[in-house]
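Q: I have a new model open and would like to learn how to read it. Could you walk me through it?

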Amino acid sequence: MPQKNIDFGKYGARGLKGSEAVARKLDELAGGITTPVTARRGLMARLHYLTRTAHARRAARDAGLTVTDRTLKAWLDGGRRPSKASLDRIEQAYRSVRRQNVARHLLRRLNASGGTRVEIHPLNQSQVPRPLQRVVEYRTMNVRRWDRIVAAWAAGDYQGLDDAWTDTIVDLGSQWGQYEYVTNVGFAA
Amino acid sequence: MGDFDAIDSLLAAVGPEAGLPARGVRRELREQARLSKAQVARALGVSPSTVAGWEDTRDPSGEIRTRYAYLLDGLAAKFAVEVQEKPEPEAVQEPEPVQEPAAADDASPAYDASTAGAGEGDDVESLAVPEPCVLCGQPAGSRVAGFAQHLDPADCHTVTAPGPGPAPASEAAEPVARQEGPPRGPRPSGRSQGPAGRAFQEPSGPADLIGQAVRAALAEHEGDMEAATAALLKRAIPDAMRLLDETRKGARYDIVAHPWIPDILKKQTSRGADQIWEARPKWTRHELPPGRHEVTALDINGAYLSALKTHLPLGQLEHSAGLAHDRRRAGVHLITPPAWEHEAVLPNPIGQRDEPGPLWVTEPTLRLLLRLSGPKYGLCAPPEIHESYTSGATENLLEKFRVALKDARDAAITENDEVTLEYVKAMYSKFVSTMGESNYNRELYRPDWMHIIRSQAFANLWMKALKAHDEGLAVVRAMGTDELHVIGDWRRVFAEGRGVTEVKVKDAYTAAIGTGEEE
């Protein structure tokens, strides 16, 4: 698409991809365990979440926590502590399982009553030389269908999420390319 | 005739200068009408400082003078009763020789009292400054149905006008056009008929959302007050958001609900606090005046409701360092507070802080400190501002919302409607407490506003404490958002009642020196 930025930040503009901001916001709305996995409390909470039912165990295995039941039992009993690599895997698995579990509910809320109003806060131009600065306004838009966005987010498919989000912000009009990178995307569910 | 018209307009232009009331009276008139200098200045097309000058040392001239006199006349007519009570030494400064000595005293109370009956039901107003009579052209002190004229035919030099009412005589028509038309602007007679400025406009409020909700809840629960109240409290937050949306229809600024938030405004842990100091007062006087005292604990009504009127940042907060305070912006500031030397009689405006050093305060606290350090109060040194996160601000963002809630509250109080009262209270208090990072209200994510509104409530309480202190009451305690303990006759300082400008008594107890206080 011609409006896409090729060399973002060349003149000092700062911001993050709109789709990344959306993913962050969705993660925030999904909530979850805030204690870090490195603390015993956080680790135990994640392990319980991932092993509570057979369905949860299957989902955890699909999400990359491919350890034997014996190891899981040892971790849960406190007989062994996971290595650093395992801790990362546990965190990753927890994130993706949580997303999958919350996605359906979140999607219903986002699509309810005619969609959700999204605020798009433009990128930060404070470091851009004056002559190169452009007027980029704060915009709001209503997003009616969130299915593709939430599905891509739940699957951890960042490219898919980016495509879905780009297709959404095209509705902003011919200047949508200015909103490919943003400081923040805000919405409630 | 064209030649004569030109000459007429010239004559009118060099005619007598419009008389103005004394300078002090000018200000009083404006303040009585609750007009700001800026509003007056805008109407006259001058700067506010010019208006300030006219009310202080200077006099306008030329066409502006005429327009200013026109405005003051209109105001004087509105507040005729109050103006009559004041002597006007400078009121008559006509360059034209006064032929009728009695005319100079036109504005005196005796004259008006005697002429009050002569109006015969007409729209009779008395003028602060005599205007040319439409019939004879001599200064007249009253206006009937919009036309300045003498009420007593004996004062009037035109023989053709027999009585008070608007003269139908054909000769009178021309003097009206010549004497009154050109120097007085386009509305010779309509000046006092209706409100002209923005100050008088009726607020166009939102639909009666609150009343509808209460009626619906009562109908649903078949008049069961408790059940209806419980149901209303449950939906107070979404209803407040709906009311907010309703009040922002067609407004100049959008409510930006999800801006980027700097780290200082984020909670450090799930149950922790962020770094903002709200300056909550928690102060008890160390030493009471000698003797036993009756202490009254006063409660400020609707403290958070009143605090909704505050300078709120509109958009995303932007960082700046080393700049002086800009009163067009609002946000949070890292300051080093000044030393406070009045701890014995007044609470510290930044609250009960244990640690020294710089701290993040919000806009109301900073403005309070700046105000107290100014020449009018001179209570402390100015605070030192290190860093700020600010955005362009307005005080009117929640104004309609506040007024809608306040009106509903006032109506509920007069009608003794407990359900609406509870509902309104829940709406504004929950609105303030959940507008930050709360999961109960995800529509609005403005921790900065939450802190600013709370700080405004504390600053308001602080100013009330100062007012009590200045009026000679001994302030014993200032606590939380709405609690003020004073010794002395507080009724001459604060009005008692349930309105938001009034206070109510929470408690009364006796305290004596040495014991601190006894309940």
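**Reading the model step by step**

A: Gladly! Let us begin with a record: UniProt, in an unreviewed entry, places the feature "domain: HTH cro/C1-type" at residues 27–55 of chain B. Do keep in mind that this is a predicted model.

Q: How much of residues 27–55 of chain B is helix, and how much is strand?

A: For an annotated span, look at its make-up and its two ends. Here 72% of the span is helix and 0% is strand, while the end C-alpha atoms of residues 27–55 of chain B lie 6 Å apart.

Q: Moving to chain A, in what pattern do its helices and strands follow one another?

A: Count the elements, then read them in order. Chain A has 7 helices and 4 strands, and along the sequence they run β-α-α-α-α-α-β-β-α-α-β.

Q: How many residues of chain A are in contact with chain B, and which strand of chain A gives the most?

A: For an interface, count both sides, then ask which elements contribute. In this model, 10 residues of chain A contact 11 residues of chain B. Strand 2 (116–122) and strand 4 (181–186) of chain A each supply at least two residues of the side touching chain B, and strand 4 gives the most, with 3 residues. By class, that side of chain A has 4 nonpolar, 5 polar and 1 charged residues.

Methods
Residues numbered from 1 in each chain as written. Chains lettered and ligands numbered in written order. Predicted model: local features only at pLDDT ≥ 70, side-chain atom pairs only at ≥ 80, totals over all residues. Contact = placed C-beta atoms within 7 Å. Nonpolar A, V, L, I, M, F, W, Y, C, P; charged D, E, K, R; others polar. UniProt positions renumbered as here; feature names shortened; annotations may be inferred.
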